[in-house]
Amino acid sequence: MAARFLWASRVASHLRISIAQRGFASVVLKDLKYAESHEWVKIDGNKATFGITDHAQDHLGDVVYVELPDLGRSVSQGESFGAVESVKATSDINSPVSGKVVEVNEVLSESPGLVNTSPYEDGWIIKVELSDAEEAKKLMDSDKYSKFCEEEDAKH
Amino acid sequence: MRTPRTLEVWKLGTVNYLKSLKLQDKLVSERKANRIPDTLLSLQHPPTYTLGKRRTDHNLLIPEAELKSIGAELHYTQRGGDITFHGPHQAILYPILSLRSIGFGARSYVEALERSMIEFSSLYGVKARAGNKCETGVWVGDRKIGAIGVRISSGITCHGLAFNIDPDMKYFEHIVPCGIADKEVTSLRRETDAQLPSEEVIHEQLVTCLAKVFSYDDVVVKEDPSAILNTLEDDD
């Protein structure tokens, strides 16, 4: 736990955001927004970076493959734009906001495991140009997302 | 008081692979919209080789053109996992479940599928185990008896597991099964001297094991496959 908190602190200071230590294992970063399908998004003006959360990567298992979208492709909030494969399961990744893909993390083709070891930093998946800045309001903040994860995990 | 959970099981007999994909697509949409409960398809396929999303066709050892001559088809799918073979006397279960309703992630789901097959194997005194890292599936010693390949979209599962009862093992010689070169494939027939009941009974037992592992309160069996298979034609 302590090691993960240290890692989270390093990530946070790199991204210049603050974190909250939670009772359960997964890390949630304070200044990101979150979708119910466990993707995080960092908005910077009209650009957004996204990936999957620590909770998501923990529940997936070791990622062996990441299917990335083509540059220039449109993505829509809540719709699938790619997938990850782990433990013989392909899981769709949904877009937390709508926009146009301007950059994809090519490193993931060689090192898909970065999604597990560094879900908020080196494991980022795509960057988009936002088409509707208002959409981010539909997403959860870190407190809401933490609670959401707790409720989901309590189901079994 | 927890709401009781129901699993609806369709016993479909032998179904062509493409037809089963179409059916699953339809059921996934229905499940996503909450119009149907968690559903399980219990079936077999005619001889079929399938590939997963990574399209590892270098693990098919004969030219695609030759497949027809051995009476088999080849299909590319969106599931996880490598190349595999499906055919008569291999029990297939395709669970169409909402993972979010049970708080499962991909890893815990696949582990539960493995446990279902392990539990089923034990009914015949066969000591099976889950695979090591990177070897998802169910093994007896170093021999693979059950395979898994799953797709999860918006938290709804499709594809599933394949358990070898007594398939024609020669078909496995034309592939590197699951991309693992140095391990054998085995079957229930090969691992036990026990008298095997009819395949219908075997399928039922496998379904029961899965329902138990996933803690379903009720299992409703639908025995008229034409009820859902025929509706596929209407959509064409």
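This report describes selected features of chains A and B.

## Basis of the model

The model is predicted; local features need pLDDT of at least 70, side-chain atom pairs count only at pLDDT 80 or more, and totals for chains, interfaces and linings use all residues. Residues are numbered from 1 along each chain as its sequence is written, chains are lettered from A and ligands numbered from 1 in the order in which they are written, and side-chain values use heavy atoms, with hydrogens and water left out.

## Chain A: overall make-up

Chain A has five helices and nine strands. Helices (H or I, at least four residues) and strands (E, at least two) are DSSP runs, numbered from the N terminus. Read from the N terminus, the order is α-β-β-β-α-β-β-β-β-β-α-α-β-α.

Of the 156 residues in chain A, 52% are buried. Buried means under 20% relative accessible area, exposed over 50%, and partly exposed in between (1.4 Å probe, protein chains only).

## Chain A: selected residues

A:Thr53 sits in the loop between β3 (47-52) and α2 (54-60). Its relative accessible area is 0%, so A:Thr53 is buried. A:Tyr120 is 67 residues away along the chain, yet the two C-alpha atoms are separated by 6.9 Å.

A:Asn94 belongs to strand β7. A:Asn94 counts as buried because its relative accessibility is 5%. A polar atom of the A:Asn94 side chain lies 3.3 Å from the backbone nitrogen of A:Ser80. For a polar contact, two N or O atoms must be within 3.5 Å; within protein, one must be able to donate a hydrogen and the other to accept it, and residues adjacent in sequence count only if both atoms are side-chain atoms.

A:Val87 lies in the loop between β6 (80-86) and β7 (89-94). Its phi is near 35 degrees, a positive value in a residue other than glycine. With 23% relative accessibility, A:Val87 counts as partly exposed.

A:Lys137 is in the loop between β9 (126-130) and α5 (142-153). At 62% relative accessibility, A:Lys137 is exposed. A:Lys33 is 104 residues from A:Lys137 in sequence, and their C-alpha atoms are 8.9 Å apart.

## Chain B: helix α1

Helix α1(B) covers residues 17-32. At 1.5 Å a residue, its 16 residues should span 22 Å, and the end C-alpha atoms are 22 Å apart, which agrees. The expected span is 1.5 Å times one less than the number of residues. The buried residues of α1(B) include B:Tyr17, B:Leu21, B:Gln24, B:Val28 and B:Arg31.

B:Asn16 caps the N-terminal end of α1(B). One of its side-chain oxygens lies 3.0 Å from the backbone nitrogen of B:Leu18. Just after α1(B) comes B:Asn34, with a positive phi of about 65 degrees. B:Asn34 is in the loop between α1 and β2 (38-44) of chain B. Its 60% relative accessibility makes B:Asn34 exposed.

## Chain B: a helix crossing

Helices α4 (residues 106-122) and α6 (residues 199-213) of chain B have axes that come within 8 Å and cross at roughly 130 degrees. That makes α4(B) oblique to α6(B). Angles under 35 degrees count as roughly parallel, over 145 as roughly antiparallel, 65 to 115 as roughly perpendicular and the rest as oblique. Axes are lines fitted to C-alpha atoms, for helices over the stretch in contact, and angles run from 0 to 180 degrees between N-to-C directions.
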